[in-house]
Every structure is written in C-alpha cells, then in structure tokens.
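I have not seen it before.

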Amino acid sequence: MSVVSRSAGRSATAAVAYRAAAKIEDLRTGDLHDYTKKQGVEAVIPFLPVVAEAGENLPPHLERLRHLESLWQDAEAAERRSNSRVARELLVPLPHELTREQRRELVEHIAGDIAARYGVAGTACIHLPDAKGDQRNHHAHILFTTRRVDLATGQLAEKTRELDDRKTGPQEVEALVAMAEQRINAALESAQLERRVDFRSLKDRHAEAVASGDQVKAAQLDYMPQTHEGPQVTAIRR
C-alpha cells in the first residue's frame with residue numbers, strides 16, 4: 001500500500017499513465033505523460049462504487065469516471081494544496097498458476113471490494129512479468145482516489161480520512177491485505193489449485209506453528225525473510 005503525493009513530486013495523472021501504458025495530459029501542470037510505448041500491461045480495468053445491471057448503462061456523470069483521463073484529471077483538480085495526496089495504490093501479487101481470465105476476475109473482485117468499502121473510483125492495471133525478471137511475477141497496480149464519489153453528481157467529494165488517520169490507517173491497511181489474501185485464496189480454490197497464500201510475517205507464522213506444536217511447519221518457516229530491494233537496485237543488478 002502506498003500513496004501518490006505531490007510533496008514527493010508525483011501526480012495521479014503520471015502514476016496512472018505509467019501503470020496503464022497510456023498518454024494523459026495533466027491540465028493542472030500542463031505536463032504530458034506519454035507511456036504508450038511501455039510493454040507488459042495485460043489489462044486496464046476501471047472501477048466505481050456502483051455497478052450497472054446487465055443491459056443497463058450508468059448515468060453520464062458516472063460513466064465519464066470510467067474514462068482514464070476524466071477520472072484522474074478530476075482527482076488532481078479536487079486537491080488544492082502543494083502537498084496533497086492525490087491517489088492511493090495497492091500492489092497485489094497474482095498467482096502465476098491462474099489463467100489470464102482468472103487473474104482479471106480476481107483483480108476485478110479486489111478492486112470492487114475497495115470501491116465498496118470506501119466509495120472510491122479507480123483504475124486497476126494488470127502487469128505481466130518483466131522480460132528480464134522472474135516469470136512468475138504477475139501483479140496488479142490498483143490505483144484509487146483519495147476522495148469518495150458523490151453518486152448524485154459524479155464529483156469527488158469527501159476525503160477517505162480513515163486511511164489517513166494514524167490510528168485507523170494501519171488497521172485499514174491490514175483489512176485490505178486480509179481482503180486481498182481471502183480473494184486470492186478463493187481464486188486458487190476455484191481454480192482447483194492446492195496452493196494458498198499467507199500475507200502474515202514469517203515471525204507471526206512461525207510463532208503460530210510453535211504454539212500449535214507443529215514442529216515440521218515451524219522448521220519450514222525458520223529462515224530469514226528476504227529484503228525487497230526495489231526497482232532501482234534491481235535495475236543496477238541487471
């Protein structure tokens with residue numbers, strides 16, 4: 001979980017253009033973010049806190065928020081401060097054993113859960129493994145607004161303060177991680193695959209195994225966790 005903040009020199013338009021391999025002009029700054037040559041984007045999925053019934057269309061003021069540029073221009077325009085948080089992003093690993101269609105359905109479920117929980121709109125981008133990296137590294141970047149959608153007007157209104165609060169923020173992140181874990185495991189079960197994911201720390205999982213007397217599992221979990229080096233270190237290594 002991360003935030004896109006102006007204080008870090010970032011913008012929602014640039015972030016989503018890069019994730020979606022799209023071209024978006026930022027009307028606030030005049031910058032043109034063109035990443036249309038970027039490879040490896042498997043799907044770009046818009047989502048809203050309301051879903052049209054089969055055969056029905058959303059009202060025009062909501063339908064426009066399904067368009068990449070319209071939504072993220074609105075997200076930038078809704079914020080006035082130089083240090084505003086303009087978007088949030090949940091990075092979700094996707095099991096490589098799933099098919100393309102199963103991965104898309106999984107991401108749609110997770111994005112739908114986020115929209116329903118906070119009343120926000122967003123864009124989910126499914127990325128393929130990098131050509132030079134681990135070929136199991138399917139993942140999704142789920143970007144969503146920092147404000148709730150007013151369904152009556154289509155405007156971005158109230159801030160999602162529960163995600164900013166020092167007390168409730170960490171609790172909300174834990175809830176999102178638990179939700180993603182449940183959705184991923186449900187997708188694996190539906191695909192009749194035996195593997196399951198557990199997003200808890202090695203320390204917590206090891207302690208649980210020891211407490212339950214499962215020495216075999218405790219031994220399997222008795223190793224040092226890996227360090228996430230990030231894209232810059234990975235690029236240097238390559």
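Both Glu42 and Arg103 are buried, where buried means under 20% relative accessible area, exposed over 50% and partly exposed in between, with a 1.4 Å probe and protein chains only. These two residues form a salt bridge, and their closest N and O atoms are 3.0 Å apart. Glu42 lies in strand E4 (residues 41–47) and Arg103 in helix H4 (residues 100–118), so the pair ties together parts that are 61 residues apart in sequence. Helices (H or I, at least four residues) and strands (E, at least two) are DSSP runs, numbered from the N terminus. The model is predicted: local features need pLDDT of at least 70, side-chain atom pairs count only at pLDDT 80 or more, and totals for chains, interfaces and linings use all residues. Residues are numbered from 1 along each chain as its sequence is written, and side-chain values use heavy atoms, with hydrogens and water left out.

The structure holds 20 salt bridges, each being a side-chain nitrogen of Lys or Arg within 4 Å of a carboxyl oxygen of Asp or Glu. Arg148 takes part in a salt bridge with Glu158, with the closest N and O atoms 3.2 Å apart. This pair links distant parts of the chain, since Arg148 is in strand E8 (residues 147–149) and Glu158 in strand E9 (residues 156–159), 10 residues apart. Arg148 also meets Glu162 in a salt bridge (2.9 Å, N to O). Here Glu162 is in the loop between E9 and helix H5 (168–190), 14 residues from Arg148. Elsewhere, Asp198, Arg200, Arg205 and Glu208 are linked in a network of salt bridges.

E8 and E9 form a hairpin with six residues between them, and Gly154 in the turn has a positive phi of about 80°. The two strands run antiparallel and are joined by two bridges; two strands pair if DSSP finds at least two bridges between them. Arg147 has Lys159 as its bridge partner in E9.

What is the order of the strands in the open sheet of five? The order is E1-E5-E7-E6-E4, with antiparallel pairing. Strand E1 (2–5) and E4 stand at the edges with a single partner strand each, so one side of each is left without a neighbour in the sheet. From one strand to the next, the twist averages 20°. Within this sheet, strand E6 (residues 122–127) and strand E7 (residues 138–144) run antiparallel and are joined by six bridges. Thr123 has Leu143 as its bridge partner in E7.

H3 lies across E4, strand E5 (85–94), E6 and E7, and runs at about 125° to E6. Angles run from 0 to 180 degrees between N-to-C directions, and axes are lines fitted to C-alpha atoms, for helices over the stretch in contact. Helix H1 (residues 12–20) and helix H3 (residues 68–77) have axes that come within 9 Å and cross at roughly 150°. H1 and H3 are therefore roughly antiparallel to each other (under 35 degrees counts as roughly parallel, over 145 as roughly antiparallel, 65 to 115 as roughly perpendicular and the rest as oblique). Ala12, Thr13, Val16 and Ala20 in H1 meet Leu68, Trp72, Gln73 and Glu76 in H3, contact meaning heavy atoms within 4.5 Å. Eight of the nine residues of H1 are buried, so this helix is largely enclosed by the rest of the structure. After H1 comes Ala21, whose phi is positive, near 55°.
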